[in-house]
Amino acid sequence: MVLMVGHEPLVLQVSAGALLEGDTVTLRCRSRQDNPVTRVQFYKDEKDLRGSLRGTELSLSPLELHNSGTYRCGGWVAPGTSLSAPVTVIVHELFTVPALKGPPELIDGSPLNLSCLSTPSPLRPPAPLRYRFYRDGQLVGGPQGSPQLLVPAVGVSHSGNYSCEVRSEGGAVRKSSTRLGVTVRRVPLSGVSLSVQPPGGQVAVGDRLVLSCTVAMGSGPLSFSWHRGGLGDTAEHWPLPGAAACWAQ
């Protein structure tokens, strides 16, 4: 369907259907009596447009929200110059700006579930969308058809500023969410204990003594310091990674 407005010698024709972001629309400037039209110019909000001008047509593609406005065309049609009546063009959102939802704080080892929420336009059947997820500007998920990002078990390195981007199929329309700060905290250490083999720690010279330091709860990289005597004695003192044991002979 084509929309024509006014009774001036020149007519600006625009599609009368709903226009959404990413669409292509062609504005046609023609004579009401189908006389030849030359030296055509197009105007938006009374400002001259240069755009993709092809004779008596102006193509707008892909449409963006800022293309909304009042359009008209001018040109020479016998017996002189003429200006069409204004036509209002409204470009609707294909989908809303996404909002990223998720927990701002997590414990090391717990799952992270982020949702990129965007509402499609009710003016047209929903089209497939593609989702991307970023942490500190680096892609960490997608492109994918699901608006969910699931990390089964997070570590401290998963802390950062997350955002998501939604794209139309083909990528003509792209919108990004604001950033969501996520902090992953370590589980505090507790239940640190020292065990000895053989029990009691009584050994003869030349026998082997095994000391085991264990942690009942905690997360993140661990290091152990071993001391002989009081905590201030450093005759035997070195870091060992992980849940380790030392042998003193």
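Reader: In this predicted model, how far apart are the sulfur atoms of C116 and C164?

Author: C116 and C164 form a disulfide. A pair of cysteine sulfur atoms counts as a disulfide within 2.5 Å. The sulfur atoms of C116 and C164 are apart by 2.1 Å.

Reader: How many residues apart in sequence are the parts that this pair ties together?

Author: C116 lies in strand β15 (residues 112–117). C164 belongs to strand β19 (residues 160–168), so the parts tied together are apart in sequence by 48 residues.

Reader: Is the link of C116 and C164 right-handed or left-handed?

Author: The torsion about the S-S bond is 75°. With that value, the link of C116 and C164 is right-handed.

Reader: Is C164 buried or exposed?

Author: Buried means under 20% relative accessible area. C164 has 1% relative accessibility, so C164 counts as buried.

Reader: How many disulfides does a search of the whole structure find?

Author: C29 and C73 form a disulfide, and C116 and C164 form a disulfide. The search of the whole structure finds a total of 2.

Reader: Which strands does the pair C29 and C73 link?

Author: The sulfur atoms of C29 and C73 are 2.1 Å apart, and both cysteines are buried. The pair links distant parts of the chain, 44 residues apart. C29 is in residues 25–31 and C73 in residues 69–77, which are strands β4 and β9.

Reader: What pattern do the disulfides of the protein chain follow?

Author: The bonded pairs are C29 with C73 and C116 with C164. With bonded cysteines counted along the chain, the pattern is 1-2, 3-4.

Notes. Residues numbered from 1 in each chain as written. Predicted model: local features only at pLDDT ≥ 70, side-chain atom pairs only at ≥ 80, totals over all residues. Heavy atoms only, no water. Helix = DSSP H or I, 4+ residues; strand = E, 2+ residues; numbered from the N terminus. Buried < 20%, exposed > 50% of the residue type's maximum accessible area, 1.4 Å probe, protein only.
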